[in-house]
Amino acid sequence: MSKAIVLPQQFAPTLVAWQRSHGRHALPWQNTRDPYRVWLSEIMLQQTQVTTVLGYYQRFLERFPEVGDLAAASLDEVLALWAGLGYYSRARNLHACAQAVVQLHGGQFPGNAAALQTLPGIGRSTAAAVAVFCFGERVAILDGNVKRVLGRLLAFDGDLASSAEEKRLWALATELAPAEGITAYTQGLMDLGSSICSTRSPQCLLCPVADLCAGRMEGEPTRYPIKTRKLKRGRRENWWLWLEREGHVLLQQRPSTGVWAGLWSLPLYDDEAALQVAAERLGAKLEVMPRIAHALTHFDWILHTRRADVLTEAGEAGPGGVWVARERLAEYALPAPLKKMIA
């Protein structure tokens, strides 16, 4: 049975005061109440560090300054700009969400968390963040960082692998949210989770709420949050065939579902024998390239690459796809390891 939780009443005012004096205030998506800019940053920041997001955020706004511009773009163009940021379902949902905002809401984001959550790719925590920062609504966020902060603060012993326990933590997070200062409070949770209350080495001596933290008082804050269900990591092995002819690279578009859905890739084979058959049809002399080990969320992917230059006539008998001039590769959404290899 889970232990009773006593909410520290001074947590919100202490966190708000700390955020206002020591928190982040100069990020490009701060100091705006524009839902489009806040939403874009929130989607990009899911499972991605701020330093990585900064460049992508700027490039997206330069190309798509308003939600209507994003909605009107092709998915290929959106994926090309997103390439390298990972978790590509976010980009597909981003595009679908922009189109829904234009088609269903006249180009204006809904003004509350409940309505925002009905849009593609916007979960409860993201909807709450947009509602807080743009509309001042008193709602709680609970992303991975905040689960860690509140799990330690409250010494929350419920297993977050259980939907019932996660629902209980949501309720506590909602109770903690203050009636005044909700914007600074929410930003403070984000700042605390990203800079001080880290996963493995929390900096408790620098934490403004250390004296209120039940996990610290117990002497082992890293015990929280508790989540027992672990993903089993798998291993996958494939072979890339890198063909070039007269300054053009052969690319194939990935299926609309699965890993790298919708991105452009070199022809991919399940084994080296199948690749060799394709190469022999072309009369190509293969060069062995360095092996790539690419870590994804659920598995480690070993990618072997064989490269060959082919003649124009032979190239027509290749494995299908499109021949893309090297100077135009940036227009195509390439997976990060491929982009790095053939750049």
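## The second largest pocket

By class, the residues that line the second largest pocket divide into ten nonpolar, eleven polar and two charged, where Ala, Val, Leu, Ile, Met, Phe, Trp, Tyr, Cys and Pro count as nonpolar, Asp, Glu, Lys and Arg as charged, and the others, Gly among them, as polar. This is a predicted model, in which local features need pLDDT of at least 70 and side-chain atom pairs count only at pLDDT 80 or more, while totals for chains, interfaces and linings use all residues. Residues are numbered from 1 along each chain as its sequence is written, and side-chain values use heavy atoms, with hydrogens and water left out.

The pocket has a volume of about 520 Å³, and of its 23 lining residues Gly86, Tyr87, Tyr88, Leu296 and Thr297 lie nearest its centre. On a 1 Å grid over the protein atoms alone, a pocket is an open set of points with protein on both sides within 12 Å along at least five of seven lines, a cavity is a set where a 1.4 Å probe fits but cannot get out, and lining residues have an atom within 4 Å of a point. Grid points are joined across faces, edges and corners, and a volume is the space filled by probe spheres set on the points. Helix α6 (89-105) gives the largest share of the pocket lining, three residues, and both α6 and β6 (292-295) supply at least two residues each; helices (H or I, at least four residues) and strands (E, at least two) are DSSP runs, numbered from the N terminus.

## Helix α9

Eight of the ten residues of α9 are buried, meaning under 20% relative accessible area with a 1.4 Å probe and protein chains only; among them are Arg148, Leu150 and Arg152. The buried residues of α9 pack against α1 (11-22), α10 (163-176), α11 and α12 (214-218). At the start of α9, a side-chain oxygen of Asp143 reaches to within 3.3 Å of the backbone nitrogen of Asn145, and the helix is followed by Ala155, whose phi is positive, near 45°.

A nonpolar core is a set of buried Ala, Val, Leu, Ile, Met, Phe, Trp, Tyr and Cys residues joined through side-chain atoms within 4.5 Å. The largest has 99 residues, and Trp39, Leu150 and Tyr185 have the most contacts inside it; its largest share, eight residues, comes from helix α8 (residues 124-135). A second, separate core of eleven residues includes Trp239, Leu250, Leu275 and Leu282.

Ser265, in strand β3 (residues 264-265), is buried, with a relative accessible area of 1%. The side chain of Ser265 makes a polar contact with that of Trp240 (2.9 Å), a polar contact being a pair of N or O atoms within 3.5 Å, of which, within protein, one must be able to donate a hydrogen and the other to accept it, and residues adjacent in sequence count only if both atoms are side-chain atoms. Leaving aside neighbours within four places in sequence, Ser265 is in contact (heavy atoms within 4.5 Å) with residues including Trp240, Leu250 and Leu338.

Methods
Buried means under 20% relative accessible area, exposed over 50%, partly exposed in between (1.4 Å probe, protein chains only).
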